[in-house]
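Okay, thanks for coming, everyone.

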Amino acid sequence: MALVSIRSCGRCGFLLGLRAYATRPVGTPRKREQQDDTPVFQYVGQHRKPQGKVFVWGFSYTGALGIPSFVVPDSGRKKPRKYQLTPYRLDTEQKISSAACGYGFTLLACNSRDLTKLWGMGLNKDSQLGFQRTQHDRHKSYDYVLEPSPVSLPLVNPQETRVLQVSCGRAHSLVLTDSEGVFSMGNNAYGQCGRKIVEDEVYRFVFQQYKQHAVTHGLGHHSKASCPVPVGGDLAGVKVQQVATYGDCSLAVSTEGQVFGWGNSEYLQLASVTEATQMSSPRLLPLRGVGRVRQAACGGTQVAVLNEEGEVFVWGFGILGKGPKLSESAIPERVPATFFGRSEFNPTVKVSSIRCGLNHFAAITDRGELFVWGKNVRGCLGIGKHDDQYFPWRVTVPGHVTDVACGVDHMVALVKTII
Amino acid sequence: MHNYKSMKLMNFSEVTGPQFHKVHVGVGHRLDAFSSGVLVLGIGKGNGVLEHLCKSHVTRDYMLEGEFGKATDNFTHTGRVIEKTTYDHVTLDKLERVLAMIQGANQKALIMYSQVDLHTQEAYELAVRGLLYPHGKSPPILTGLRCIHFNPPHFTLEVQCVNETQKYLRKLIHEVGLELRTSAVCSGVRRTRDGPFKVENALTRQHWTAGSIIQAIAHFSKATRKIRKLEMYKQTAGQLNSNAQVQEQTRSQTDE
């Protein structure tokens, strides 16, 4: 402890043997010998791991966002919120590993061994979220589910099986498990659930399980197919690493980085191999200048692929992401990397995954930023306004985005916190 | 015989003192008392160009030294300590993620304040080339941010910004600390570049003589001419306005 002696005025000169805190002008540094007794706070421990969070945005009246107070306000002074234009945090009990958006509904899955592995919210008129028993009538199911509600799967080993991935269509959903195959639920008017088509079926209480992976219809004919059948054409014998489809066009990426396409080509999605408007059998697409493809994504009228170098190529019809002038393209057009944050300060930023909604695109970079572009249907882009976006624009999410699911008018993002 | 006229007292420099020419000196972008680095001065006719430099929205580079562990009232290490926190959970990885997030938000602000209609093809063309810049009034925006050195509790950031004040940069260090769930203070702000004027060409104390100053002015005559021309372009009306400025900026950027 330092002793500071002060001789005050000459008349009453006495020595102060203690520390004395005279007021000093602001800005002069404290003497190092004085002890600092301020307590040290710890806000975060040394071994804290980042947490997973879920953010939702878009059209909320179907209940697809999972926040009931947007549709039915819980306090008299609040008003219903029709569009959520910026990302809003959705509270989940468990860490969500996979999410999928359909037309007005959402499925969230957690890959744990707990009994509740799957939550659904939104439209349920075709039982796309399973049977949600009502409070008042045990034989009726809710038409709209406003909050994430558990979806019960008829598993043989519910305490062992894990859900790996979920996927949603317009009015049906598919759930992939690790040991019990694929489960499907919802509308089956075209056999999309993989079970036999029943004319005028009432979809409210049906559930069916299939042991094979459900494949999109590329069988060479135009009638309905209600059972999963292997796809032929150019894809016979090819190892496929990823399949993507949305409206009526499908793309498959092989392990060698080649792209095969089939389905609707009305919007020039498959114009590199055919001039017809439909192709009922898969053909290899010779995409020039694209290189090895890692991932493909299909939208309603547009298509995007991502190559090994992290570059995004788009083609088709609609807002493609290269300004308002480019609304249609038959050949892949590269989206410039400057839009994804590449600059002299960050020359190595690349895109790590792409997704497509019905009329919009989403891209996630390796730095965890989410970029969206396309038609802003009912606020689905999450950029804070209702205007369409003609080039990639950042969505402000507080954290590192790991995955995103795009629906027609809403989106769900799986985010990891930074600390 | 003495020549009395030449012996007038006022002819002796010891009596009158050294003779000075009155020259007007102006200062460019301010640098406050806590900071150091490049300060641009204009002498005589150069003062007019100074004004154009201020208006032209050139970027400036800074090196910021920071220290984790405490928060003070004026965001510097000399202020009164308000709170002390632990910082053993901070790693370079987390710091870089926080900087990426801050930079992302600033990139967005850059385009939003550029006052261009984003639904036009011209806006897209400018955005591709990275030329969407705030031309009017804007809050401080960082165009580049990265961590140069990390040695907890000390770290150094390199920042490139427009329209900033040094107090804003010190507050930035404080905010980086907050994002990392700890606190940070700024222990130094050093400007390394102000538009085309870099720290390598700056005159240090020993060189504050007439000879070096004249040499420095000659060295930068090209740059000053460019800035003056920029202002002339600005005064002509129409589309030429933004295009030329944008070209000048790219040219001056490539020159650096």
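So, which elements of chain B each supply at least two residues of the lining of the second largest pocket? They are β2 (36–37), β3 (41–43), α2 (46–55), β10 (197–198), α6 (210–219) and α7 (221–235). Helices here are DSSP runs of H or I with at least four residues, strands are runs of E with at least two, and both are numbered from the N terminus.

Quick housekeeping. This is a predicted model, where local features need pLDDT of at least 70, side-chain atom pairs count only at pLDDT 80 or more, and totals for chains, interfaces and linings use all residues. Residues are numbered from 1 along each chain as its sequence is written, chains are lettered from A and ligands numbered from 1 in the order in which they are written, and side-chain values use heavy atoms, with hydrogens and water left out.

Back to the pocket. On a 1 Å grid over the protein atoms alone, a pocket is an open set of points where a 1.4 Å probe fits, with protein on both sides within 12 Å along at least five of seven lines, and lining residues have an atom within 4 Å of a point. This one holds about 1100 Å³ of space, the volume being what is filled by probe spheres set on the points, which are joined across faces, edges and corners. There are 35 lining residues, and Val40(B), Leu41(B), Gly42(B), Leu203(B) and Ile217(B) lie nearest the centre. The biggest contributor is α7(B), with 5 residues. By type, the lining has 21 nonpolar, 9 polar and 5 charged residues; nonpolar is Ala, Val, Leu, Ile, Met, Phe, Trp, Tyr, Cys and Pro, charged is Asp, Glu, Lys and Arg, and polar is the others, Gly among them.

Next, chain B overall. We have 8 helices and 10 strands, and 43% of the 256 residues are buried; buried is under 20% relative accessible area, exposed is over 50%, and partly exposed is in between, with a 1.4 Å probe and protein chains only.

How do the two chains meet? The contact, meaning heavy atoms within 4.5 Å, takes 34 residues from chain B and 40 from chain A. Between them they bury about 3500 Å², 60% of it on carbon and sulfur atoms; that is the accessible area (1.4 Å probe) the two parts lose on being put together, summed over both. On the chain B side, Lys84(B), Lys108(B) and Tyr124(B) lose the most area to chain A, together 19% of what that side buries.

Now the inside. A nonpolar core is a set of buried Ala, Val, Leu, Ile, Met, Phe, Trp, Tyr and Cys residues joined through side-chain atoms within 4.5 Å. The largest has 42 residues, and Val312(A), Phe340(A) and Val372(A) are among those with the most contacts inside it. A second, separate core of 26 residues includes Ile419(A) together with Val90(B), Leu145(B) and Val159(B).

Most residues other than glycine have a negative phi, and most peptide bonds are trans. Pro152(B) and Pro153(B), though, are joined by a cis peptide bond, omega about 0°. Ser127(A) has a positive phi, near 60°, and is buried at 2% relative accessible area. Asn163(B) also has a positive phi, about 60°, but that residue is partly exposed at 29%, in the loop between β8 and α5 (166–179) of chain B.
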